[in-house]
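Biologist: I am new to this one. Please show me the structure, and then let us take it question by question.

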Protein chains: 2
Amino acid sequence: MERNILLKIEYDGTDFSGWQRQPGRRTVQGTLEEALSKVLGQDIKIEGTSRTDAGVHALGQRAIFKGEFPIPTENIQKAVNNMLAGGMNNKNKLPDINIAGVMVEAPDFHPRFDAKGKHYRYIIENSKTPNIFRRNYRYQINQWLDTDAMREAANQFLGEHDFAAFQSAGGTPRESTVRRIYSVDIYRRENDEIIVDIIGNGFLYNMIRIMVGTLVEVGLGKREPMEVDRILKSLDRSRAGHTAPPQGLYLMDVYYEFPEMEI
Amino acid sequence: MERNILLKIEYDGTDFSGWQRQPGRRTVQGTLEEALSKVLGQDIKIEGTSRTDAGVHALGQRAIFKGEFPIPTENIQKAVNNMLAGGMNNKNKLPDINIAGVMVEAPDFHPRFDAKGKHYRYIIENSKTPNIFRRNYRYQINQWLDTDAMREAANQFLGEHDFAAFQSAGGTPRESTVRRIYSVDIYRRENDEIIVDIIGNGFLYNMIRIMVGTLVEVGLGKREPMEVDRILKSLDRSRAGHTAPPQGLYLMDVYYEFPEMEI
């Protein structure tokens, strides 16, 4: 019987040329398809929820594939993880992809169209001294960021807006640039980290990174918090801030039920 | 006037083929010599305290070089760090080496012969679930480690011993395999991390990694804590445990005064 199998995937984006399969490059999709094809003994193509860029990480990426397979669903996770580990040179080192979960979904389930929301986290290290061990995992900013001002700016992203000003050229063309942001939380964590948690119903190409780049400029005092509203209304990319670098960004989760709202 | 300049160096060992200069390979020594030679306008060769292996990290490596230079000592740190950053593709990402300090030492100072002690830290992640983001920075062990047993075993390393059983073949030949261990501290830290801090007057090739591999086998219950004494006396490498992988090891500091003793 044909199964529609949904994977939950973690990866460290450092050594990948992004999610999407590309000839001659190491990508997350390509690496997973190769491992799945070996484990399942047939050519497997997967479809992911989010085409993360090179250097972007994930803890809750989703991807789906269909077919009739000789092994039980519950064995796929371990078999694929073993296959991924077998490709590593250092047997004492983990691979940079991990299948965190495997589920059978209804035949008509689609991981992207059925997604109700996504949670992205962006992590800034706001410290005077560089931390070279975090260079692939944080956006490091050595000047003090005013998180109150950043929060004031971020509130203007809430709700439904046309985010054309917060989109880079070069992404997959979309019918509409209107998106809904459910929540933006900004807080400090130990070791001078600033966490920016954003939940929305969908995101344009580089949207989170341009939102964060703009918030950083507000936090540095280079922009007024109230500018965000004007930037949104302008629909003009050149009015928004810089694109924050990929290594601070994590796809945390994809929701297939509506995410819990703040009450 | 000739200056004898001592550098304190941090590096993430992940993308280096170790400390020591090797033709056609990216090494810490080679990368630093290239940056220093460009900044100082002459061919610079440095001598380090510790020839760390591929994948091993450092927060307190030391290296020295001599010469007459056109720029003040206090400007060398920034100039070299800028040079190292300039070689990176991603301008928003830190380089994987950082000069943490620069000092002028007496003409007869030698960074290795004058070292009174070194502090190495080994970090184990003792968690049931893998953390792929730490794969280059921790030895990940998913079975519970008994740190009390590890501490009991580690106490037998204290003091002066012939560590021939805790040495890999292939290192620089040394006149003696006798070394003194001043302290071994083993403790748990948040997130299921086990820290092993070792301070000694010097270490043989792979000595810390074989000590930790042996302690891990004790922590897993595969060996008795009291075996360590017999392994030391045997002078036989095959009696000791496995060599723990490089990515958990950090050279924390090199002491030129005697390290403070526990009282």
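Biologist: Which residues have the most contacts inside the largest nonpolar core?

Modeller: This is a predicted model, where local features need pLDDT of at least 70, side-chain atom pairs count only at pLDDT 80 or more, and totals for chains, interfaces and linings use all residues. A nonpolar core is a set of buried Ala, Val, Leu, Ile, Met, Phe, Trp, Tyr and Cys residues joined through C-beta atoms within 7 Å. Buried means 20 or more other C-beta atoms within 10 Å of the residue's own, with C-beta atoms placed from the backbone. The largest core has 63 residues, and those with the most contacts inside it are Y122(A), I208(A), M211(A) and L215(A).

Biologist: Which helix gives the largest share of this core?

Modeller: Helices are DSSP runs (H or I, at least four residues), numbered from the N terminus. Eight residues of the core, the largest share, come from one of them: helix 4 (residues 207–219) of chain A.

Biologist: Where does this core lie relative to the domains of chain A?

Modeller: Domain bounds come from an automatic or database domain assignment. Domain 1 (3–105) and domain 2 (117–255) of chain A both give residues to the core, so the core lies between them.

Biologist: What does M211(A) touch, beyond residues up to four places away in sequence?

Modeller: Contact means that two C-beta atoms, placed from the backbone, lie within 7 Å. By that rule, M211(A) touches F157(A), F166(A) and I198(A).

Biologist: Is T214(A) buried or exposed?

Modeller: T214(A) has its place in helix 4 of chain A. Its contacts, leaving aside neighbours within four places in sequence, are V228(A), I231(A), A240(A) and G241(A). Because 27 other C-beta atoms lie within 10 Å, T214(A) is buried.

Note on methods. Residues numbered from 1 in each chain as written. Chains lettered and ligands numbered in written order. Buried ≥ 20, exposed ≤ 12 C-beta atoms within 10 Å, placed from the backbone. Helix = DSSP H or I, 4+ residues; strand = E, 2+ residues; numbered from the N terminus.
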